[in-house]
Amino acid sequence: MFIRYTLPYSYDAMEPHIDALTMKTHYTKHHAGYTNNLNDAVAKAGTDKDITSLLSSLDAISDPALRQTIRNNGGGYYNHNLYFSTITPSGGEDPSGAFGNLLKSEFGSFADFKDKLSALALGQFGSGWAWLSADKDGKLLLSSTPNQDNPLMEGKGYTPILGIDVWEHAYYLKYKNLRGEYVKAFFNVINWDEVAKNYEKAKK
Ligand code: MN3
């Protein structure tokens, strides 16, 4: 049975960058919904794969409707575990250490990295995500996906290590149509220590 990531902070912890009602609704309604639907769907499919294997091998689910349900809700489950585990009330600093240096050497500067990831978040038409991912060799990739898709499903060996949720449910209560303001604010709550840990895990 898949269990949601347990929040180590309160719903109002990300104020003023992400408002408490959005956090609460996002976690207790949206994330809970994806998790429940995923658990129902894997019971029907009779699979006990872990979430990474499941999303990396969706083609193995023969029933097309069930495959789509697992894609949407398994993606939602995985993506939101990542989202909620890579934000912190004490964010806002540029990433330091080895991972900070890696971003600089890969993208020119942290500002350039931020511009590129933000552009993907803004350019994603409709609901979706912007991603920073890594492969087993430690190569980084920036991308975006629609719906609850993520780079695991693309089969190119990339694991997402940071995702910006640009579904309207992630920002509309506070930012309305101003997705750009939300994306800017999101950089104030990124937990770079966790992202760096995810990078190390992706390399294994
Ligand atoms: Mn969401």
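1. Contacts along the chain. In this predicted model, 67% of the contacts between residues at least 6 apart in sequence join residues at least 24 apart. Buried residues account for 49% of the 204 residues in the protein.

2. Secondary structure and overall dimensions. The protein has eight helices and three strands. Along the principal axes, the C-alpha atoms fill a box of roughly 45 × 40 × 30 Å.

3. Metal site. Four residues coordinate the manganese ion: His26 through NE2, His80 through NE2, Asp165 through OD and His169 through NE2. The distances are 1.9 to 2.1 Å. Along the chain, the donors are spaced as H-x53-H-x84-D-x3-H. Histidine 26 belongs to helix α1 (residues 20-45), while histidine 169 sits in the loop between β3 (159-165) and α6 (172-175); the pair therefore ties together parts that are 143 residues apart in sequence. Histidine 26 and histidine 169 are both buried. Water is not among the atoms, so the site may look incomplete.

4. Largest pocket. The space in the largest pocket comes to about 510 Å³. Its lining consists of 23 residues, and those nearest the centre are Thr52, Tyr78, Leu152, Thr159 and Pro160. Two or more lining residues come from each of α2 (51-56), α3 (64-85), β3 and α8 (192-203). The most come from α3, which gives five. Sorted by class, the lining of this pocket holds nine nonpolar, nine polar and five charged residues.

5. Second largest pocket. Here the space is about 270 Å³. There are 19 lining residues, with Pro95, Ser96, Asn191, Trp192 and Asp193 closest to the centre of the pocket. The elements giving two or more residues to this lining are α4 (97-107) and α8. With five residues, α8 gives the most. The lining of the second largest pocket divides into seven nonpolar, eight polar and four charged residues.

Notes:
Residues are numbered from 1 along each chain as its sequence is written. This is a predicted model: local features need pLDDT of at least 70, side-chain atom pairs count only at pLDDT 80 or more; totals for chains, interfaces and linings use all residues. Side-chain values use heavy atoms; hydrogens and water are left out. Donors are N, O and S atoms within 2.8 Å of the metal (3.2 Å for Na, K and Ca); water is not among the atoms, so sites may look incomplete. Helices (H or I, at least four residues) and strands (E, at least two) are DSSP runs, numbered from the N terminus. Buried means under 20% relative accessible area, exposed over 50%, partly exposed in between (1.4 Å probe, protein chains only). On a 1 Å grid over the protein atoms alone, a cavity is a set of points where a 1.4 Å probe fits but cannot get out, and a pocket is an open set with protein on both sides within 12 Å along at least five of seven lines; lining residues have an atom within 4 Å of a point. Grid points are joined across faces, edges and corners, and a volume is the space filled by probe spheres set on the points. Ala, Val, Leu, Ile, Met, Phe, Trp, Tyr, Cys and Pro count as nonpolar, Asp, Glu, Lys and Arg as charged, and the others, Gly among them, as polar. Contact means heavy atoms within 4.5 Å.
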